[in-house]
Amino acid sequence: MQKKGFIFDLDGVIVNTAIYHYLAWKKIADQLEIPFSEIKNEQLKGVSRTDSLKKILSWKNLTVTKEIFNHLLEKKNNDYLHYISKMTENDILPNVVNTLKWLKNNNQQIALGSASKNAKIIIEKIQLTHFFETIIDGNSVTKTKPNPEVFLNAAKYLKLPPEKCIVFEDSVAGIQAANSGGMISIGIGDKKTLSDAHYNFKDFTEIKNEFLLKLINN
Ligand code: B16
Ligand code: MG
């Protein structure tokens, strides 16, 4: 059997922390009286903390001092850390562990590719660290999604060319990153939102071992 690299995004793919990011940003947007909705939030998925705040401010053409900008970032992250502090392995999304186990048992390579600077904390909390050969997160990249750097770094670590890597992503920016990096992209979530993905699934319960085998042998 061939060896492929399976790169997992974190927020919205392994755990539903996307909702916590949304709630924390919503508080900031409300404070600044910037209209914000779950639809607008799609634009922030996979996007770094700093770029997310820049986008939110741009929706109202608002500029703030560097000091206030940093204060807002800190406030958002503290709020987010509070939400994730109680996470356990029970928060892992359905069939993710089975998929990871199946890939491991079939000698596939597995990496994490997340824009989040909190990725390591979460992966430890939900006790999945042992599955990943490497964790490439928001602390180890200079350019964030839709730039492919995070996934290319993972491929490099796994010593695999991009075309042998498969990325699971829930964000538009992440699918763009995987595609422009020359990888196979798998959209997890709403098919219409993630229409640029090579394959689409609602969640991991729809991903069968036969499909994983097909990806490996292609
Ligand atoms: P943090 P992912 C991304 O994680 C989230 O989708 C995005 O909403 C968030 O702004 C970004 O991480 C940065 O997160 O503030 O924790 O550094 O989906 O790439 O795993
Ligand atoms: Mg995500």
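User: Hi! Which residues coordinate the magnesium ion (ligand 2)?
Analyst: Hello! Asp9 (OD), Asp11 (O) and Asp170 (OD) coordinate the magnesium ion (ligand 2), at 2.0 to 2.1 Å. Donors here are N, O and S atoms within 2.8 Å of the metal (3.2 Å for Na, K and Ca), and sites may look incomplete because water is not among the atoms. This is a predicted model, where local features need pLDDT of at least 70, side-chain atom pairs count only at pLDDT 80 or more, and totals for chains, interfaces and linings use all residues. Residues are numbered from 1 along each chain as its sequence is written, chains are lettered from A and ligands numbered from 1 in the order in which they are written, and side-chain values use heavy atoms, with hydrogens and water left out.

User: How are those donor residues spaced in sequence?
Analyst: The spacing is D-x1-D-x158-D. Asp9 sits in the loop between strand 1 and helix 1 (18-31), while Asp170 sits in the loop between strand 4 and helix 8 (172-180), so the pair links parts of the chain that are 161 residues apart. Helices (H or I, at least four residues) and strands (E, at least two) are DSSP runs, numbered from the N terminus.

User: Are Asp9 and Asp170 buried or exposed?
Analyst: Both are buried. Buried means under 20% relative accessible area, exposed means over 50%, and partly exposed is in between (1.4 Å probe, protein chains only).

User: What about Ser171, where is that?
Analyst: Ser171 is in the loop between strand 4 and helix 8, and counts as buried at 0% relative accessibility. Its side chain reaches the backbone nitrogen of Gly174 at 2.9 Å. That is a polar contact, a pair of N or O atoms within 3.5 Å; within protein, one must be able to donate a hydrogen and the other to accept it, and residues adjacent in sequence count only if both atoms are side-chain atoms. Leaving aside neighbours within four places in sequence, Ser171 is in contact with Lys45, Gly46 and Leu194. Contact means heavy atoms within 4.5 Å.

User: Now ligand 1. How many residues surround ligand 1?
Analyst: There are 18, and the closest are Asp11, Arg49, Ser114, Ser116 and Lys117. A residue is near a molecule or strand if one of its heavy atoms lies within 4 Å of it.

User: Which side chains have an N or O atom 2.7 Å from an oxygen atom of ligand 1?
Analyst: Arg49 has one at 2.7 Å, and Asn118 has one at 2.7 Å as well. For Leu10, a backbone N or O atom lies 3.3 Å from an oxygen atom of ligand 1.

User: Changing topic: how is the chain divided?
Analyst: Into domain 1 (5-16 + 89-217) and domain 2 (18-84). These bounds come from an automatic or database domain assignment. Their centres, taken over C-alpha atoms, are separated by 24 Å. 15 residues of domain 1 are in contact with 15 residues of domain 2.

User: And how many residues has the largest nonpolar core?
Analyst: It has 36, and Phe8, Ile14, Phe132 and Phe168 have the most contacts inside it. A nonpolar core is a set of buried Ala, Val, Leu, Ile, Met, Phe, Trp, Tyr and Cys residues joined through side-chain atoms within 4.5 Å. Domain 1 and domain 2 both give residues to this core, so it lies between them. A second, separate core of 15 residues includes Ile7, Ala111, Val150 and Leu160.

User: What does Phe132 touch?
Analyst: Not counting residues up to four places away in sequence, Phe132 touches Phe8, Ile14, Leu100, Ile110, Ala111, Leu112 and Ile123.

User: Which residues of helix 7 are buried?
Analyst: In helix 7 (residues 149-158), they are Glu149, Val150, Phe151, Ala154, Ala155 and Leu158. What covers them includes strand 1, strand 2, strand 3 (134-136), strand 4 and helix 8. Lys159 follows the helix, with a positive phi near 60°.

User: Which peptide bond is cis?
Analyst: The bond from Lys145 to Pro146 is cis, with omega near 15°. Pro146 lies in the loop between strand 3 and helix 7. In general, most peptide bonds are trans, and most residues other than glycine have a negative phi.

User: Last one: is Asn61 buried or exposed?
Analyst: Asn61 is exposed, with a relative accessible area of 71%. Asn61 is in the loop between helix 3 and helix 4, and its phi is positive, near 50°.
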